[in-house]
Amino acid sequence: IELDEDTRAELDRRQAILLGHIDEQPEVTITWFQPDERKDGGAYLTATGRLKKFRELERILVLADGTEIPMEDVVALESDIFQTLI
C-alpha cells in the first residue's frame, strides 16, 4: 500500500499523540508491512498491545510484549486514546 500525503500526515499526528502519552502505555493496534527477506513482496501484519517505548534513533515502536515495529513500515495506527482527544 502506497500511502498518500494526507494518510501519512494523519499517521504522523497519531504517532505524536501516542508518544505524548507513552508514560500511560496506551493500548494500540498497529498494522505494518513486513518485507519478505528472501524474495520480493511480504505480508501485512497487525498487532495489538501496550506501547512501551519508542526507540527514536531507529524509529521503532516497542510493545510491552517485546514486538518491535519500524515506524516507516506502519500503515495504520488505532487506539482509543485518539477518540478521547477528538
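Biologist: What relative accessible area does E58 have, and how should I read that value?

Modeller: Bearing in mind that this is a predicted model, the general idea is that a residue counts as buried under 20% and as exposed over 50%, with partly exposed in between. E58 has a relative accessible area of 42% and is therefore partly exposed.

Biologist: Which residue does the side chain of E58 meet in a salt bridge?

Modeller: The partner is R55, and the N to O distance of this salt bridge is 3.4 Å, which falls inside the 4 Å cut-off. R55 is partly exposed as well, at 23%.

Biologist: What links E10, R13, R14 and E78?

Modeller: These residues belong to one network, joined by salt bridges that share partners. Within it, R14 and E10 form a salt bridge with an N to O distance of 2.9 Å.

Biologist: How are R14 and E10 placed along helix α1?

Modeller: Helix α1 covers residues 5-20, and because R14 and E10 lie 4 residues apart in it, about one helical turn separates them. As for accessibility, R14 counts as buried at 16%, whereas E10 counts as partly exposed at 28%.

Biologist: How many salt bridges does a search of the whole structure find?

Modeller: The search finds 6 salt bridges, among them the pairs R14 with E10, K39 with D36, and E58 with R55.

Terms used:
Residues numbered from 1 in each chain as written. Predicted model: local features only at pLDDT ≥ 70, side-chain atom pairs only at ≥ 80, totals over all residues. Heavy atoms only, no water. Helix = DSSP H or I, 4+ residues; strand = E, 2+ residues; numbered from the N terminus. Buried < 20%, exposed > 50% of the residue type's maximum accessible area, 1.4 Å probe, protein only.
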